[in-house]
Amino acid sequence: MKVMEYIEKKIRSEKMHMTLIDPDDQSPEEAARIAKEAKNAGTDVIMIGGSTGITKESMDATIKEIKKSVNLPVIIFPNSASVLSPYADALYFMSLLNSESVEMVIGQQVKGAIYVKKMNLEPLPMGYIIVEPGMTVGKVGRAKLIKRSSPQDAVAYALAAQYLGMKLVYLEAGSGAPEPVPPEMVSMVKREIDIPLIVGGGIREAEKAREIARAGADIIVTGTIVELVDDIEEALGKIVSAIKD
Ligand code: 1GP
């Protein structure tokens with residue numbers, strides 16, 4: 001089954017959880033161990049990416065090792081066209097819609113397109129929208145951050161993504177954000193769009209995850225949490241059960 005089909009089918013009956021692993025933060029073997037524990041905790045997809053420092057070598061090696069140990073779909077969450085890997089199942093073919101840099105909106109996509117074709121990667125067209133505080137990705141991506149107090153701006157970007165034919169919208173507060181995207185913003189966006197809504201950045205507690213899922217996120221992404229706890233399976237398990245409740 002194609003990854004997009006898997007996502008569309010799954011969110012008809014439940015909320016999804018995706019685990020983001022930065023290939024730059026640990027060895028490929030360690031990444032595979034994290035992926036395995038995340039799978040045991042009930043995560044549905046492994047996303048691979050990060051804002052800085054990633055090489056194609058670490059991307060390839062990490063994905064290969066993860067694919068050896070878990071049979072979950074692996075999606076590349078790229079920060080540029082130079083980190084694509086043929087070992088993944090799919091990649092977010094994403095545009096940072098609220099960036100001031102044309103390179104982030106369409107430049108890297110043009111550079112990467114032919115490689116996506118050659119590597120036979122499934123592209124998942126996604127509109128990426130960065131909300132305050134934005135953290136590193138907000139800076140690196142030169143985002144004109146959506147204000148936390150202006151959910152209507154997030155709605156406008158999300159609708160534009162849908163009308164451009166994108167299949168997913170991702171509201172991002174930035175990895176390690178002190179607070180996730182406000183639930184009121186999530187619910188306003190969800191009310192107006194018909195495509196699946198992904199929310200990530202700053203989600204470390206089960207209660208917050210539940211609140212955001214209830215507000216209307218179809219997919220919750222967590223990354224940093226796995227670096228903060230000793231027992232990944234237990235910590236992620238709580239988040240996953242909270243959103244799938
Ligand atoms: C970053 O949304 C993801 O793109 C994950 O954020 O690391 O804060 O969980 P965290």
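**Notebook: the ligand site and backbone details**

I began with the ligand and found one of its oxygen atoms 2.8 Å from a polar backbone atom of G201. I then checked how far the ligand is covered: taken alone it exposes 310 Å², and the protein buries 98% of that. I note here that the model is a predicted one.

I next looked up side chains that approach the ligand. In S175, a polar side-chain atom lies 2.6 Å from an oxygen atom of the ligand. For Y170, I recorded 3.0 Å between an N or O atom of the side chain and an oxygen atom of the ligand.

Which residues surround the ligand? I listed L20, F77, Y170, E172, S175, G176, G200, G201, G202, T222, G223 and T224.

I turned to the aromatic rings and counted 4 aromatic pairs. One of them joins F77 and Y92 in an edge-to-face arrangement, with 6.0 Å from centre to centre and 85° between the planes. This pair links distant parts of the chain: F77 belongs to strand β3 (residues 74-77) and Y92 to strand β4 (residues 90-96), and the two residues are 15 residues apart. I noted that F77 is also listed among the residues around the ligand.

Finally, I examined the backbone. Most residues other than glycine have a negative phi, and most peptide bonds are trans.

- The peptide bond joining E132 and P133 is cis, with omega of about 5°. I located P133 in the loop between β5 (122-130) and α5 (135-140).
- N120 is not a glycine, yet its phi is positive, at about 60°. I placed N120 in the loop between α4 (102-118) and β5.

Methods: Residues are numbered from 1 along each chain as its sequence is written. This is a predicted model: local features need pLDDT of at least 70, side-chain atom pairs count only at pLDDT 80 or more; totals for chains, interfaces and linings use all residues. Side-chain values use heavy atoms; hydrogens and water are left out. A residue is near a molecule or strand if one of its heavy atoms lies within 4 Å of it. A polar contact is a pair of N or O atoms within 3.5 Å; within protein, one must be able to donate a hydrogen and the other to accept it, and residues adjacent in sequence count only if both atoms are side-chain atoms. Accessible areas come from the Shrake-Rupley method with a 1.4 Å probe; for residues, only the protein chains shown count as cover. Rings of Phe, Tyr and Trp (its six-membered ring) pair if their centres lie within 6.5 Å; planes under 30 degrees apart count as stacked, over 60 as edge-to-face and the rest as tilted. Helices (H or I, at least four residues) and strands (E, at least two) are DSSP runs, numbered from the N terminus.
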